[in-house]
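Please examine the sequence and the three-dimensional structure shown here. The paragraphs that follow move from a pair of packed helices to the nonpolar cores, and then to the strands.

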Amino acid sequence: MFCSFLSGLFASSGYVEIDPLLKKFGKVFEENGFEAYLVGGAVRDIILNKPCSDWDVATNAKPEDVMKLFKFVVPTGIAHGTVTVHFHKTEIEVTTFRTESDYSDGRHPDKVEYAATIEEDLSRRDFTMNAIAVNLKNGKIVDPFCGRKDIKKKIIRTVGKPNERFMEDGLRPIRALRFASQLKFSIEKDTYSEIQNPCVQKKITSISIERFRDELLKMMKSEKPSVGLKLMEETCILKLFIPEFEICRGCIQGDGRGFHDFDVLDHLFYACDGAPANNYKVRLAALFHDISKPQVKRIVQGEDGTEQFTFYNHDMVGAKTTENILRRLKFSNEEIADISHLVKNHMFHYEPTWTDAAVRRFIVRVGLEYMNDLFDLRVADVFGMHNNEVNLRNSTTSENLLELKERIEKISEKQNALSLKDLAVNGKDLMEAGIPAGKRLGVILNQLFEAVLEDPEMNDKGKLIEMAVRCNKS
């Protein structure tokens, strides 16, 4: 489903064109004496002429009424007046007009009361750009807080006083920064200033770590996550949740050899920009890949007598740091393993002099399934050095990367043995050849695998059993 381009044009006149399916959905409410309005991000996206697929509807019908109007309704948040309606293979979240008060946990209202009008409902929302509704009956826009004007000016502003909105919900300041990054909007002066209020900062720390993680992931989808990340640093929010970044600010990497224009933190931010927007794992790996450089930084004397910086083992230390951060942010075990593995292996140095056996060993060490992501991470790393697009055919490093990628593709196409399970023999075969089960058998299997990596022609059952018998006797 997509919002019509015409809708954005009509918005300036106070009306928008309603999607036919949504209009049909609204008709059900109208025929039963209820009002229904499209609300939230979908309305904002219509005004911005952006595609949208998530529909949220506000109504004066209570949840029990909605459950009577439609066949397939899931009570997803019925305590707060919300249900999810499955309508013509589309999920539409429906919430009864409501007002809220007292957010003692910094996120959820202690008290939810149904409201009489859409205007009352909009008054509880976070930002003016999100406090606009569209009547599903006729497409008329309801905009009591001049949200359209702020959207036109590309400004993020709270509904009412910033302190009140932020003290209600500790997630809202982070959402403001994320929206600024995603939409390329600026944050209104008083709204931005209030984010740094000590009381608001304390409220921010009351949100669950999962909520911060989810906002971080949404920020990773921005064209330039560095915008939101820098705002998080300026407002001290980054320090609240990922304090490990703090020592990266001011850690100079450039030593005259031309490798880096920025300190470690800006390099990480820009490397994140250089990673594919549709691959959050690579973007997070780019964000964390050099995070441990300050810990291992050393100053040495170069051959020309100048001071040079070294960061030996920062990839290994950084992988462990990344694992700890992601675990704290409650990422899944699979995500933690994949992202930290990329960080651990990002410092490979390919040379055209590598033998095919060396390339095969590289594939085995990293894993064929990680290769595309690792190459994307390397490109992101190079991007972050100078905050410039990377031309893969315009530097020795990039050309080497392309050559390595091509060699890996050729080896993969030949279906060389790249794991123990690809060997022409297994443990059972060796035991039948007279090699007893146990630790020694495992050692011999690994020796056979090394031989096959060196020479794929060795992956023949007869040759390997003959070699295994010799190894067992030695």
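**Packed helices, cores and strands**

The crossing of helices α8 and α12 is right-handed; a crossing counts as right-handed if the near helix is turned clockwise from the far one by less than a right angle, and as left-handed if anticlockwise. On the α8 side the contact (heavy atoms within 4.5 Å) is made by L177, A180 and S181, and on the α12 side by P225, V227, G228, L231 and M232. Two packed helices are described by the angle between their axes and the distance between the axes. For α8 (residues 172-183) and α12 the angle is about 155 degrees, and the axes lie 7 Å apart. Axes here are lines fitted to C-alpha atoms, for helices over the stretch in contact, with angles from 0 to 180 degrees between N-to-C directions. The two helices are therefore roughly antiparallel to each other, where angles over 145 degrees count as roughly antiparallel, under 35 as roughly parallel, 65 to 115 as roughly perpendicular and the rest as oblique.

The model is predicted: local features need pLDDT of at least 70 and side-chain atom pairs count only at pLDDT 80 or more, while totals for chains, interfaces and linings use all residues. Residues are numbered from 1 along each chain as its sequence is written, and side-chain values use heavy atoms, with hydrogens and water left out. Helices (H or I, at least four residues) and strands (E, at least two) are DSSP runs, numbered from the N terminus.

The loop between α8 and β11 (186-187) holds K184. This residue has a positive phi of about 60 degrees although it is not a glycine. Most residues other than glycine have a negative phi. K184 counts as exposed because its relative accessibility is 55%; exposed means over 50% relative accessible area, buried under 20%, and partly exposed in between (1.4 Å probe, protein chains only). With a relative accessibility of 45%, K330 counts as partly exposed.

The interior comes next. In soluble globular proteins, nonpolar side chains tend to be buried together. The largest nonpolar core here has 103 residues, and those with the most contacts inside it are F25, F212, I242 and F288. Such a core is a set of buried Ala, Val, Leu, Ile, Met, Phe, Trp, Tyr and Cys residues joined through side-chain atoms within 4.5 Å. Not counting residues up to four places away in sequence, I242 touches F212, L216, F288, I325, R328 and L329. Apart from this core lies another, of 17 residues, including L441, L448, V452 and M467.

Helix α15 (residues 280-288) is largely enclosed by the rest of the structure, because eight of its nine residues are buried. The buried residues are K281, V282, R283, L284, A285, A286, L287 and F288. Their cover includes α11 (209-220), α12 (225-234), α14 (264-274), α17 (314-328), α18 (333-344) and α20 (371-386).

Which order do the strands of the seven-stranded open sheet follow? The order is β3-β4-β5-β2-β1-β8-β9, with mixed pairing. At the edges are β3 (73-77) and β9 (141-142), each of which pairs on one side only; two strands pair if DSSP finds at least two bridges between them. Within the sheet, β1 (residues 36-39) and β2 (residues 55-59) pair in the antiparallel sense over four bridges, and the bridge partner of L38 is V57 in β2.

Strands β3 and β4 run antiparallel and are joined by three bridges, with G77 bridging to T82 in β4. They form a hairpin with four residues between them, and G81 in the turn has a positive phi of about 85 degrees. Strand β4 (residues 82-87) is largely enclosed by the rest of the structure, because five of its six residues are buried. Six bridges join β4 to β5 in an antiparallel arrangement. Their hairpin has two residues between the strands, and H88 in the turn has a positive phi of about 50 degrees. F87 stands opposite T90 in β5. T90 counts as buried because its relative accessibility is 10%.

A further antiparallel pair consists of β12 (residues 298-301) and β13 (residues 307-310), over four bridges. In β13, E307 is the bridge partner of Q301. The hairpin of β12 and β13 has five residues between the strands, and G305 takes a positive phi near 90 degrees.
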